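Welcome, and please open the structure in your viewer. We will take a short walk through it, one selection at a time.

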Amino acid sequence: MSFASYTYAVFLALLFLAHWSLPARMRKPLLVVASYVFYCSWDWRFGFLLLAVSVFSWAWGLLLSRRAGEGRLVWIGVAIELLPLLYFKYTNFALGNLAWLARAAGGGWHFEPWHIILPLGVSFFTFQGIAYLVDVATGDRPFTRLGDFLLYKGFWPQLIAGPIIRPEEIRDQIETPRQVSYDDLAEGTRRILSGLFKKVVVADTLAPVVDAVFLTNAHPGFVDTLVGVAGFSLQIYCDFAGYSEIAIGSARLFGYRFPENFDWPYLARSPQEFWNRWHMTLSRWIRDYVFTPLTFAFRSSPKVSVVWLAVAMALCGLWHGAAWTFVLWGVWHGALLVLNQTLLKPLFAGLEPGKPARRSLRSVFALALTWSLVCAGWLLFRAQNLGQVGSMARAVLRFEGGLRPTVLRENDVLVVAVFLAGLFAAELALPAWKRAVRAFPAASRFGSPLRAALVVLAILAVVVFDRQSQAFVYFQF
Amino acid sequence: MHQFLTDIVKDPRLRAGALPWAVVLFVLANLAVASWRRQLEADRKQNLLLGTALASGAGTPRYDVSVGEDTSRHWRSIPDASKAPLVIVSGMSQMYAINDAKPGDQTIVEHLDDELSTRGVRAFGLAAPNLDNEEALLYLVALSSSASTRPRTFVYGVCFDKFRNVDIRPGLRKLLSNPEVAEGWRGVCEKRMGSFPIACEKMRASLAAPAADASGATLTKEETLKDRAERRLRDSAGASLPLVGARAELNAALQTQAFLFRNWVFRIKPTSKRPVIQSRYELNKQLLELMVSVSKQHGMKLVLYVIPLNPQAENPYVPEQYAEFKRWVEKLARDQGVPFANLEGVVPLADWGEFMGGPDFKHFRGPGHRATARAILDAFGPDLFAKDPAVP
């Protein structure tokens with residue numbers, strides 16, 4: 001059941017009415033059952049995997065809370081949590097690389113990839129499980145009721161692609177009865193509509209343009225590569241941020257508040273700020289469960305902490321996909337973060353949100369540079385292999401094809417340009433509008449009709465652009 | 001109803017905020033669409049160059065009258081190839097668009113069917129506006145997936161500017177929802193990856209892309225429960241809300257405006273010279289070569305012709321590139337033993353019409369369809385109605 005389907009709209013509406021009509025004690029069981037129905041609508045077999053992993057995490061968490069200080073138990077728990085992810089996502093990658101090494105060493109191992117279906121959301125619920133075990137081992141209170149834990153781990157809005165929620169962010173919400181207000185309803189529906197707009201109108205429209213450029217045999221030229229990469233930067237942002245917004249909005253309808261996952265990432269004035277705005281729940285997870293433990297373990301050598309930053313980001317890349325292009329994407333961002341702290345520090349210093357220098361020419365340059373560096377990373381992320389990365393980078397450096405596209409039509413270039421201009425205009429216009437309302441309160445009188453017009457336009461756009469109920473790009477992460 | 005919901009209903013902001021405005025605007029938008037629907041449908045027909053063509057589709061259609069938008073629904077109208085030899089005629093809008101249509105005018109394939117059916121052979125048209133080679137290949141693979149639709153001859157009108165187009169559009173992509181068609185498609189890209197790497201990679205990407213919806217499964221297989229539920233929900237929403245019901249028309253209107261905007265931005269006119277887009281051109285060349293290969297594999301006779309063009313109208317082709325294209329198609333046909341004809345000049349000057357205020361360079365009046373059908377019969381007659389034509 002895709003978020004962008006009519007089935008999901010009906011599922012959500014019926015569940016909302018049933019949830020708030022039932023006595024409080026029956027609401028959580030209803031949400032657990034609904035979450036498993038939602039998950040099993042893709043492949044019922046993996047419902048058992050989710051249940052098994054959840055029961056294990058819950059039981060191991062209780063064990064850890066009773067036997068505090070036994071570090072070995074944490075490691076065993078984390079290793080077991082990782083097993084499904086390693087098997088389903090990385091088996092073929094590992095064996096393929098071993099076969100390559102064997103061939104390079106003169107062996108004759110021909111490896112045919114195994115037919116392994118990747119369970120949806122396995123990367124997300126594995127990270128969530130690890131966070132839970134580590135937090136409990138370091139003193140957090142575990143969930144004592146299995147039902148509460150099943151809801152924490154399996155709550156459908158966040159199950160497939162996050163946000164990655166840590167126990168402390170939702171435990172109290174699960175353990176205390178929820179309420180819903182007019183504000184929750186208004187904010188929830190607004191976020192769902194905003195998410196649908198990003199997904200259906202922007203991301204799905206850009207998908208064929210980007211796909212055409214990234215076919216391995218397409219041989220894109222200078223213009224194609226730039227437009228393709230810029231288009232992908234928008235596509236992945238709107239796809240993933242749209243999904244997150246629908247998740248946040250759906251949860252809000254049931255009285256749950258999820259952490260934000262995106263905060264206008266392309267307005268970032270430095271790579272570090274980018275990661276404070278992009279997939280924020282993952283950034284925090286990587287920082288707290290990979291980078292910080294590594295630097296703490298090697299605290300006697302503080303100078304090598306930059307190395308751990310690169311390692312953490314490489315692992316982050318590998319988590320996104322089982323391919324060397326993803327690892328390189330992580331390394332690229334690791335390197336950018338290291339440069340952000342060292343060589344490029346003077347350029348990015350003092351440009352944090354709220355600082356006066358934020359409105360300077362240097363700030364505009366930093367924004368353009370950060371977006372360009374992030375886009376260079378997207379080339380690594382979207383390319384099908386390293387050879388394609390090389391050929392597309394060459395096409396840009398050698399100005400191949402000049403200003404005449406060799407893959408795209410004028411329409412495609414125009415679509416990307418319009419959406420890109422629209423995104424940056426929206427990013428700049430929204431804060432300006434808020435400032436205007438603060439400075440001239442009379443302007444807020446136009447707020448309601450304006451918001452209503454935007455809502456109806458968004459509904460119209462979603463209906464008109466909705467050609468299909470596509471799977472979200474991020475599903476496989 | 002729980003107290004929370006009651007409280008929300010009683011909240012004064014519900015009546016004083018943006019919601020009442022939104023409801024009013026939404027109702028107005030629906031009313032507006034309902035009142036414009038007929039005009040939107042007419043605009044869309046015009047946009048698809050359907051004209052009065054649909055009218056001649058009354059009764060059992062002899063070509064896909066959805067012009068590619070709902071091909072799977074028209075699949076049932078294809079004459080049973082296991083009972084009588086079948087000729088499929090495929091190509092772009094020239095196949096069905098009739099300028100200044102008059103009652104009794106027929107399309108190329110209807111003229112062909114009239115002629116061939118007297119010899120026990122049936123003809124059926126599978127055409128769509130701007131049909132590209134990947135879509136034509138999909139027709140070929142889909143037809144070959146069943147004995148009842150596998151044609152003896154597949155006539156394909158090759159059009160130079162369609163070598164700028166790639167991809168399979170949503171309506172046609174439904175065909176790939178059929179498991180047998182998908183299997184055939186996968187088989188083609190797996191077996192021929194070595195010889196046609198560009199085309200096969202594109203085919204693989206098309207297979208991986210999600211279908212518009214799964215109703216293509218109704219070709220021969222049952223829809224899944226999920227697919228059926230989703231389709232029914234969409235149909236129900238469309239029946240109750242004009243905005244949803246007219247979404248295809250609204251989408252077409254939007255695309256038309258986008259097309260005009262693009263033309264304005266890039267100063268493109270119908271006569272502006274449009275050079276080939278190299279990568280797309282190479283891809284389409286390989287896809288046409290694949291069509292030759294696939295038709296041979298399934299024992300179907302592929303017939304190629306270069307479509308008629310209006311010599312009075314300036315066309316958007318770069319002359320050297322167009323000449324090179326014609327040489328290439330002819331050589332491909334010669335090398336592969338594929339019957340080929342250049343029908344560029346077969347439509348008399350008087351039989352063309354007008355488009356966007358100037359002479360139409362590609363679509364003609366009713367007599368032009370008759371003349372093209374006659375030229376196809378003259379050029380390929382034995383391949384169309386011979387009892388058992390030799391497949392090279």
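Two strands count as paired if DSSP finds at least two bridges between them, and helices (H or I, at least four residues) and strands (E, at least two) are DSSP runs, numbered from the N terminus. What you see is a predicted model, in which local features need pLDDT of at least 70 and side-chain atom pairs count only at pLDDT 80 or more, while totals for chains, interfaces and linings use all residues. Residues are numbered from 1 along each chain as its sequence is written, chains are lettered from A and ligands numbered from 1 in the order in which they are written, and side-chain values use heavy atoms, with hydrogens and water left out.

**First stop: a sheet of three strands**

Select β2, β8 and β7 of chain B: they make an open sheet in the order β2-β8-β7, with mixed pairing. β2 (98-99) and β7 (352-355) of chain B are at the edges with a single partner strand each, so one side of each has no neighbour in the sheet. Now zoom in on β2(B) and β8 (residues 358-365) of chain B, which run parallel and are joined by two bridges. Here B:Ile98 has B:Phe364 in β8(B) as its bridge partner.

**Second stop: a sheet of five strands**

Next, show the open sheet of chain B with the order β3-β1-β4-β5-β6 and parallel pairing. Its edges are β3 (122-127) and β6 (340-342) of chain B, each with a single partner strand, so one side of each is left without a neighbour in the sheet. Strand β1 (residues 86-91) of chain B pairs with β3(B) over six bridges. Within β3(B), B:Leu126 stands opposite B:Ser90.

**Last stop: where the chains meet**

Finally, show both chains. How many residues does each chain give to the contact? Chain B gives 49 and chain A gives 54, where contact means heavy atoms within 4.5 Å. Then look for the salt bridges (a side-chain nitrogen of Lys or Arg within 4 Å of a carboxyl oxygen of Asp or Glu); the interface has four. One of them links A:Glu410 to B:Arg274, with the closest N and O atoms 2.8 Å apart.
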